[in-house]
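Subject: A structure for you to look at

Hi,

Here is the structure I promised to pass on. Have a look around it first, then read my notes below.

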Amino acid sequence: MSVQRLGIVIQEGVQALDVAGPVDVFAETNAYIPAADRYETVLIGPRRAPLRASNNIQIVADVGLEEATGPFDVLLVAGRHALP
């Protein structure tokens, strides 16, 4: 196996737990597997700028949608609250 690229798509109003949970799971996994098999996690936002999660914390994407070149082995779309 080789390094697996994991993309997590985030947007304004995202549930912070829907971002932090997967990031933590794959970070913990990386501690127990060989370096060659690890996961690289990339946060993908509308642009590379801070956005507000539903609990009002700021999250900054690693790359914007236009910069998010693949391939990604896994792509997750983090959930969010419906906007009023």
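Before going on, some ground rules. This is a predicted model, where local features need pLDDT of at least 70 and side-chain atom pairs count only at pLDDT 80 or more, while totals for chains, interfaces and linings use all residues. Residues are numbered from 1 along each chain as its sequence is written, and side-chain values use heavy atoms, with hydrogens and water left out.

**The overall build**

From the N terminus on, the order is β-α-β-β-β-β-β. The C-alpha trace spans about 45 × 25 × 15 Å along its principal axes.

Four strands form an open sheet in the order 5-2-1-6, with parallel pairing; two strands pair if DSSP finds at least two bridges between them. At the edges sit strand 5 (63-64) and strand 6 (74-77), each pairing on one side only. Strand 1 and strand 2 (residues 39-45) run parallel and are joined by six bridges. Val 9 stands opposite Ile 44 in strand 2. Helix 1 packs on this sheet and touches strand 1, strand 2 and strand 6 (contact means heavy atoms within 4.5 Å).

**The core**

What is inside? The largest nonpolar core has 13 residues, and Ile 8, Val 19 and Leu 43 are among those with the most contacts inside it. Such a core is a set of buried Ala, Val, Leu, Ile, Met, Phe, Trp, Tyr and Cys residues joined through side-chain atoms within 4.5 Å. Helix 1 gives the largest share of this core, three residues.

Take Ile 8, which lies in strand 1. Ile 8 is buried, with a relative accessible area of 0% (buried means under 20%, exposed over 50%, partly exposed in between, with a 1.4 Å probe and protein chains only). Leaving out residues up to four places away in sequence, Ile 8 touches Val 19, Leu 43 and Ala 78, among others. In soluble globular proteins, nonpolar side chains tend to be buried together.

Happy exploring!

Definitions and conventions: Helices (H or I, at least four residues) and strands (E, at least two) are DSSP runs, numbered from the N terminus. Axes are lines fitted to C-alpha atoms, for helices over the stretch in contact, and angles run from 0 to 180 degrees between N-to-C directions.
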